[in-house]
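Open the model in your viewer and keep the selection tool at hand. This tour goes stop by stop.

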Amino acid sequence: RNLERGDRMLSLCAVSCDGMALKHLPAALQSDKEVVLRAVHQNGLALQFAACRLQSDREVVLRAVRQNGDAIQFASRGLMVDFEIAVEAVSRTAAAMRHLHPAARSDRQFVLAAVVGNHRALAEASADLKQDKAYVLEVVAQHGLALAHVAPALRADREVVLQAVSVHGHALQYASEELRDDPEVALAAVAERGHGLQHASRRLRSDPSFAVEALARNGTALQHISEAPQVPAALVIARVLQVKPHGPKAHAVPVCEPKWAPLDGQMGAEGDAELVLDTVSRRWKVSGSRPSLQRSASDVLPGARCRSPLSGAAQLVMTL
């Protein structure tokens, strides 16, 4: 009853908690810009209950589509064709493109701008754009994951896929089976994002020489290497520690349980152990005395768990 009497303060509180409460307010409050702004900030779809003049208010509509892109369907016709508002809407909700004029799906500039904020926007674009190689190269250069929405033939195109995985390593999962088995493509993905290795073919992930190359580019790839008993433990650990142990964006090495073979002894068991200990101490500046080995360096490493760059490295070494 208080809402029906137009209690403005109570109305502001109500729409701040549930924007759709705007539906039950009197017309005078549905025309109140502050009340409507509060409502669409909480739920963009509340725009449908705003007064017509506020559905034509650029500030109100922008606030609504930033909360929910689908709110653009309730904007005035003039604002539905506003470039900035339309891009904001599709960047937030790719399916919002369905509420726009059909020509938007074929607008190269508009789709490219939307993909920057939401790679799924390409899924709503016209088929002609998704099979245009020159255009697709521009798109995946902005957002590698847009590779998921291009024409199948282009997901098998080496140039397109290399561009995509260089921007976002996880784009490798959308490449053709043949390209996921291509060492150069897979290493490009790993260099950008270590976890991209999980999308490479099983053959590559089980190849000892490829495993070392992958780890040399990004230590976080460690989690996704299949069992490769020929890989010398000391060499792998040293490569992980020496090159990007945190990943390209300073992420910690994830929990991992690799299974290692015995140290290969090429440097001698003691020499291998010293290599690893020296690398750990130097790379992470281990305070105090260096970690000591709890097992013989010639023992088999049945498994190792690593949880952080510092403790993880120490744990890997302590299992030697």
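The stops below say what to select and what is there.

**The whole chain**

Start with everything shown. This is a predicted model. The protein chain has 19 helices and zero strands. Colour the chain by burial: of its 320 residues, 50% are buried. Now think about contacts in the chain with a separation of 6 or more: 53% of them join residues 24 or more positions apart.

**Stop 1: Gln-30**

Select Gln-30, which sits in helix 2 (residues 27–30). Is Gln-30 buried or exposed? Its relative accessibility is 17%, so Gln-30 counts as buried; the cut-off for buried is under 20%. Next, show the side chain. One of its polar atoms lies 2.9 Å from the backbone oxygen of Leu-22. Then select what surrounds Gln-30. Setting aside neighbours within four places in sequence, its contacts are Leu-22, Lys-23, Leu-25, Val-36, Phe-49, Ala-50, Ala-51 and Leu-54.

**Stop 2: helix 5 and helix 7**

Select residues 58–67 for helix 5 and residues 83–92 for helix 7. Their axes come within 8 Å and cross at roughly 20 degrees. Helix 5 is therefore roughly parallel to helix 7. The crossing of helix 5 and helix 7 is left-handed.

Now show side chains at the contact. Which residues meet here, between helix 5 and helix 7? From helix 5 come Arg-58, Val-61, Leu-62, Val-65, Arg-66 and Gln-67. From helix 7 come Glu-84, Ile-85, Glu-88, Ala-89 and Arg-92. By class, this contact of helix 5 with helix 7 has five nonpolar, one polar and five charged residues.

**Stop 3: Arg-92**

Stay in helix 7 and pick Arg-92. Beyond neighbours within four places in sequence, Arg-92 is in contact with Val-65, Arg-66, Gln-67, Asn-68, Gly-69 and Asn-118.

**Stop 4: Asp-82**

Step to Asp-82, in the loop between helix 6 (77–80) and helix 7 (83–92). Asp-82 has 18% relative accessibility, so it counts as buried. Follow its side chain, which reaches the backbone nitrogen of Glu-84 at 3.1 Å. Then look across to Arg-58. Asp-82 and Arg-58 are 24 residues apart in sequence, and 9.3 Å separates their C-alpha atoms.

**Stop 5: helix 12 and helix 14**

Move on to helix 12 (residues 158–167) and helix 14 (residues 183–192). At what angle do the axes of helix 12 and helix 14 cross? They cross at roughly 20 degrees and come within 7 Å. Helix 12 and helix 14 are therefore roughly parallel to each other. Helix 12 passes helix 14 in a right-handed crossing.

Show the contact. On helix 12, select Arg-158, Val-161, Leu-162, Val-165, Ser-166 and Val-167. They meet Glu-184, Val-185, Ala-188, Ala-189 and Glu-192 in helix 14. The residues of this contact divide into seven nonpolar, one polar and three charged.

**Stop 6: around helix 12**

Keep helix 12 selected. Its buried residues are Val-160, Val-161, Leu-162, Ala-164 and Val-165. What covers them? Among the cover are helix 10 (133–142), helix 11 (152–155), helix 13 (177–180) and helix 14.

Finish at the N-terminal end of helix 12, which Asp-157 caps. A side-chain oxygen of Asp-157 lies 3.0 Å from the backbone nitrogen of Glu-159.

Terms used: Residues are numbered from 1 along each chain as its sequence is written. This is a predicted model: local features need pLDDT of at least 70, side-chain atom pairs count only at pLDDT 80 or more; totals for chains, interfaces and linings use all residues. Side-chain values use heavy atoms; hydrogens and water are left out. Axes are lines fitted to C-alpha atoms, for helices over the stretch in contact, and angles run from 0 to 180 degrees between N-to-C directions. Helices (H or I, at least four residues) and strands (E, at least two) are DSSP runs, numbered from the N terminus. Angles under 35 degrees count as roughly parallel, over 145 as roughly antiparallel, 65 to 115 as roughly perpendicular and the rest as oblique. A crossing is left-handed if the near helix is turned anticlockwise from the far one by less than a right angle, and right-handed if clockwise. Contact means heavy atoms within 4.5 Å. Ala, Val, Leu, Ile, Met, Phe, Trp, Tyr, Cys and Pro count as nonpolar, Asp, Glu, Lys and Arg as charged, and the others, Gly among them, as polar. Buried means under 20% relative accessible area, exposed over 50%, partly exposed in between (1.4 Å probe, protein chains only). A polar contact is a pair of N or O atoms within 3.5 Å; within protein, one must be able to donate a hydrogen and the other to accept it, and residues adjacent in sequence count only if both atoms are side-chain atoms.
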